[in-house]
Amino acid sequence: MNEIIKNIEAAQLKAEVPAFNTGDTVRVHALIKEGNRERVQVFEGTVLKKQGGSNRTTFTVRKSSNGVGVEKTWPLHSPHVVKVEVIRRGKVRRAKLNYLRDRVGKAAKVKELVK
């Protein structure tokens, strides 16, 4: 890759990025703009996947809201993602948890990682 592009991308990286993996339950604080006002909205769910590299890294979080599954994908280094809190670590054996989309109730849960 070109050195100029590398320098531009390096300038866009966040200084502190939380360490979380697929299967973790996270709380994402996202900046929402409504008209001329800004507020922070919290989205809590299970990380289905992380993909990309450098400043293009994205992660997808899934939660169940009133019996309906809701997924959101955020760029990790975006200024709209204020912070990501890890609530609990998940014990998973694969990188992408797409099979959780077909499951309902207790079957859609990920076991907690105990160290």
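In this predicted model, residue E9 is buried, with a relative accessible area of 10%. The label follows from a cut-off, because a residue counts as buried when its relative accessible area is under 20%. E9 belongs to helix α1, which covers residues 3-12. The side chain of E9 has a charged partner: it meets the side chain of R56 in a salt bridge, with a distance of 2.6 Å from N to O. R56 is located in the loop between β2 and β3, and the two residues are 47 positions apart, so that this pair links distant parts of the chain. A general principle stands behind such contacts: side chains of opposite charge can pair when their charged atoms come close.

The chain contains 1 helix and 5 strands, and their order along the sequence is α-β-β-β-β-β. There are 115 residues, of which 28% are buried. Along its principal axes, the C-alpha trace spans about 50 × 40 × 25 Å.

The discussion now returns to charged side chains. How many salt bridges does the chain contain in total? The count comes to 7. One of them joins E71 to R62, whose closest N and O atoms are 2.9 Å apart. E71 also meets the side chain of R101 in a salt bridge, at 2.7 Å from N to O. E71 lies in strand β4 and R101 in the segment after β5, so this pair ties together parts that are 30 residues apart in sequence. Through shared partners, the salt bridges join R62, E71 and R101 into one network.

Other charged residues form a patch on the surface. K91, R93, R94 and K111 make up a positive surface patch. K91 is found in the segment after β5, a strand that covers residues 81-88. K91 counts as exposed because its relative accessibility is 54%, and the cut-off for this label is over 50%.

The segment after β5 also holds L97. L97 is buried, with a relative accessible area of 0%. L97 and K33 are 64 residues apart in sequence, and their C-alpha atoms are 30 Å apart in space.

Separation in sequence may be set beside separation in space for two further pairs. V17 is found in the loop between α1 and β1, the latter covering residues 25-34. At 36% relative accessibility, V17 counts as partly exposed. What is the distance in space between V17 and H77, C-alpha to C-alpha? The two residues are 8.0 Å apart, although 60 residues apart in sequence. The other pair involves P79, which is found in the loop between β4 and β5. P79 counts as exposed, at 68% relative accessibility. P79 and A11 are 68 residues apart in sequence, while their C-alpha atoms are 13 Å apart in space.

Conventions:
Residues are numbered from 1 along each chain as its sequence is written. This is a predicted model: local features need pLDDT of at least 70, side-chain atom pairs count only at pLDDT 80 or more; totals for chains, interfaces and linings use all residues. Side-chain values use heavy atoms; hydrogens and water are left out. Patches are made of residues with over 30% relative accessible area and no salt bridge: like charges are joined within 9 Å, nonpolar side chains (Val, Leu, Ile, Met, Phe, Trp, Tyr) within 5 Å. Accessible areas come from the Shrake-Rupley method with a 1.4 Å probe; for residues, only the protein chains shown count as cover. A salt bridge is a side-chain nitrogen of Lys or Arg within 4 Å of a carboxyl oxygen of Asp or Glu. Lys and Arg count as positive and Asp and Glu as negative; His and the chain ends are not counted. The place of a charge is taken as NZ of Lys, CZ of Arg, CG of Asp or CD of Glu. Helices (H or I, at least four residues) and strands (E, at least two) are DSSP runs, numbered from the N terminus. Buried means under 20% relative accessible area, exposed over 50%, partly exposed in between (1.4 Å probe, protein chains only).
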